[in-house]
Amino acid sequence: MSESPAARLQKLFEGHRLTPTQRRIAHCMVRGAAEVPFLSSVELAELAGVSQPSVTRFAVALGFDGYPALRRHLREVAPAERAPGGEEDAYNEYQQAVQGEIENLRQLSAMLADPAPVREAGRLLAGSRPLPVLGLRAASSQARGFAYFAAKVHPDVRLLDEGGSMLADRIDAAAGAGASALLCFALPRHPKEVAEALDHARGAGLTVVTVADSAFAPVARHSDLLIPAPVGTGLAFDTACAPMLLGRVLLEAMADALPDAQARLEAFDAGAVARGLFVE
């Protein structure tokens with residue numbers, strides 16, 4: 001499978017120590033990979049919500065003489081044709097939001113062409129007993145969904161979807177009970193409390209696996225293994241189809257690494273039938 005423009009851009013930024021403003025620019029470029037090679041520095045600055053000099057400094061930080069050199073490079077390594085002028089106009093605002101999510105799923109598919117990070121994450125999660133799953137505010141539904149299904153194949157899943165002073169206590173309790181890893185779902189806007197919780201978890205000896213909206217998300221430096229899945233921004237509130245699907249992919253990888261996963265699923269199904277739990 002050929003790499004998407006977004007995936008090629010992602011590789012361009014990897015290995016560089018970027019400031020928060022520069023990470024914001026990089027994140028914006030990945031999300032708009034098809035359009036970025038055609039934008040001026042002023043247009044990119046406006047799109048990312050930063051100053052034009054910040055875009056110039058960003059290009060220099062990547063090793064280019066300036067933004068024009070970076071843009072020429074982008075047209076070579078991440079070529080993409082602009083959508084025909086009338087194509088996007090043919091969709092209403094709701095359809096455009098759906099089309100944006102379809103593109104996010106394409107980016108996720110391209111990223112999964114290398115399954116090694118997901119398989120490593122699955123191994124780490126399967127080996128953690130108990131397994132704490134963290135997600136606050138916008139990411140709480142992602143964490144809750146993962147924890148619900150994970151509990152069917154993993155013997156001890158602990159959902160951490162509420163902040164406050166007890167969050168660190170619950171992380172400590174999981175570590176004390178033998179946990180070796182923590183799974184975090186982190187979505188915009190990123191609560192400061194999540195970064196603090198991840199630092200606390202790492203200090204307690206846990207390996208932090210994070211699903212975030214970008215490899216340049218603020219939680220990146222607080223994670224041991226981060227797997228990105230872009231969110232949609234076409235509506236008033238972000239949409240998170242790609243992070244949700246990535247969560248299910250991680251579930252699959254974790255189940256593959258659990259030798260008794262199938263037996264647990266069969267036992268659950270048998271119990272559900274005996275209890276008449278579901279309507280047929």
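## A lysine over a ring

Let's start with a charge and a ring. In this predicted model, the charged end of lysine 152 sits over the ring of phenylalanine 268. The distance to the ring centre is 3.6 Å.

## Ring pairs: helix 1 meets helix 4

Now for rings with rings. Searching the whole structure turns up four aromatic pairs. Take phenylalanine 13 and phenylalanine 58: their pair is tilted, with 5.6 Å from centre to centre and 55° between the planes. Phenylalanine 13 belongs to helix 1 (residues 5-13) and phenylalanine 58 to helix 4 (residues 52-61), so this pair ties together parts that sit 45 residues apart in sequence.

Another tilted pair is formed by phenylalanine 146 and phenylalanine 185. Here the centres are 5.9 Å apart, and the planes make an angle of 55°. This pair links distant parts of the chain, 39 residues apart: phenylalanine 146 is in helix 9 (residues 140-150), while phenylalanine 185 is in strand 3 (residues 181-186).

Why does phenylalanine 146 count as buried? Its relative accessibility is 0%, and the cut-off for buried is under 20%. Phenylalanine 185 has a relative accessible area of 2%, so that residue is buried as well.

Technical notes. Residues are numbered from 1 along each chain as its sequence is written. This is a predicted model: local features need pLDDT of at least 70, side-chain atom pairs count only at pLDDT 80 or more; totals for chains, interfaces and linings use all residues. Side-chain values use heavy atoms; hydrogens and water are left out. Rings of Phe, Tyr and Trp (its six-membered ring) pair if their centres lie within 6.5 Å; planes under 30 degrees apart count as stacked, over 60 as edge-to-face and the rest as tilted. Helices (H or I, at least four residues) and strands (E, at least two) are DSSP runs, numbered from the N terminus. Buried means under 20% relative accessible area, exposed over 50%, partly exposed in between (1.4 Å probe, protein chains only). A charge sits over a ring if NZ of Lys or CZ of Arg is within 6 Å of the ring centre and within 35 degrees of the ring normal.
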